[in-house]
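This briefing is for a reader meeting the structure for the first time.

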Amino acid sequence: MPANSYEKPDFWSQKAFSEGYPARSVYKLKEIDEKFGMIKKSTVVLDLGAAPGSWTTFLLRKLNGNGKVVSCDLNPLAKTVKGDNLVFIQGDLNAPEIRAQIKAHGPYDLVVCDAAPKTTGNRIVDTASSEQLVEMAIWYAQAMLKPGSNFAVKIFQNGDQQRLLKTMREIFTTAKGFKPEACRQESFETYLIGLNKK
């Protein structure tokens, strides 16, 4: 049986390690930003489901001391992830007290969410769990983004993408799917992008 490619570090994993990022997922955000121009100079960004902190690290480097990154996860960020303009909130994104803390640092210019559910191996269960995370992220985007701002969230393909995009089109001028090249070929993850909040 061939070794699963998740077990051996691929090009993106090795690149992440050499550039000081906790995980390869950083290149997905980089590609999204290059394509859609998400991160402006003094952006205030909310990074949902941020641990171990690759996206947060990328955002901090890109902002270079300007703006602010508010990251939230149940798990702590890697110890190497730090910055004077970083606020980390540890807790459940669905808990009212965590929502209140996050809201206190807003409103935001950008909400990003690379959170994935704990996978079971059952695609139907995992896809449903992914959809719930997307719905939670959309709630944050709707509640906490300034008008004219942007949003990116990971979703497992075969989830109810069309329904979720329909919801996003009520919030954003443009909503579309986008699969970065840095996604593993066998991965069934993709991203939903919302541009220019109404």
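The count of aromatic pairs in this predicted model comes to five.

**Aromatic pairs**

- Trp 139 is partly exposed, at 34% relative accessibility, whereas Tyr 140 is buried, at 0% relative accessible area.
- Phe 156 belongs to strand E5, while Phe 188 sits in the loop between strand E6 (172-178) and strand E7 (189-197), so the pair ties together parts 32 residues apart in sequence.
- Phe 156 counts as buried because its relative accessibility, 7%, is under the 20% cut-off.
- Phe 188, at 21% relative accessibility, counts as partly exposed.

**Charges over rings**

- Trp 139 also has a charge over its ring: the charged end of Arg 99 lies 3.7 Å from the ring centre.
- The charged end of Lys 35 sits over the ring of Phe 36, at 5.8 Å from the centre of that ring.

**The largest pocket**

- The volume of the largest pocket is about 1100 Å³.
- Its lining has 37 residues, and the closest to the pocket centre are Asp 114, Ala 115, Ala 116, Pro 117 and Lys 154.
- Helix H3 (54-63), helix H5 (123-144) and strand E5 (145-156) are the elements that each give two or more residues to this lining.
- H5 supplies the largest share of the lining, with four residues.
- By type, the lining residues divide into 15 nonpolar, eleven polar and eleven charged.

**Cysteines and a buried valine**

- Searching the whole structure turns up zero disulfides.
- Cys 72 is in no disulfide, because the nearest cysteine sulfur, that of Cys 113, is 10 Å away, and a disulfide needs the two sulfur atoms within 2.5 Å.
- Cys 72 is buried, with a relative accessible area of 0%, and Cys 113 is likewise buried at 0%.
- Val 111 is placed in strand E4 (residues 108-113) and is buried, with a relative accessible area of 0%.

**Backbone exceptions**

- Most peptide bonds are trans, and most residues other than glycine have a negative phi.
- The peptide bond from Ala 51 to Pro 52 is cis, with omega near 5°; Pro 52 lies in the loop between strand E1 (44-48) and H3.
- A cis peptide bond also runs from Gly 106 to Pro 107, with omega near 0°, and Pro 107 is in the loop between helix H4 (96-104) and E4.
- Asn 64 is not a glycine but has a positive phi of about 50°.
- The position of Asn 64 is in the loop between H3 and strand E2 (68-73), where Asn 64 is exposed, with a relative accessible area of 64%.
- Asn 196, also not a glycine, has a positive phi of about 65°; this residue lies in strand E7 and is partly exposed, at 37% relative accessibility.

Terms used: Residues numbered from 1 in each chain as written. Predicted model: local features only at pLDDT ≥ 70, side-chain atom pairs only at ≥ 80, totals over all residues. Heavy atoms only, no water. Buried < 20%, exposed > 50% of the residue type's maximum accessible area, 1.4 Å probe, protein only. 1 Å grid on protein atoms, 1.4 Å probe; cavity = no way out; pocket = protein on both sides within 12 Å on 5 of 7 lines; lining within 4 Å. Points joined across faces, edges and corners; volume = space filled by probe spheres on them. Nonpolar A, V, L, I, M, F, W, Y, C, P; charged D, E, K, R; others polar. Phe/Tyr/Trp six-rings, centres within 6.5 Å; stacked < 30°, edge-to-face > 60°. Lys NZ or Arg CZ within 6 Å of the ring centre and 35° of its normal.
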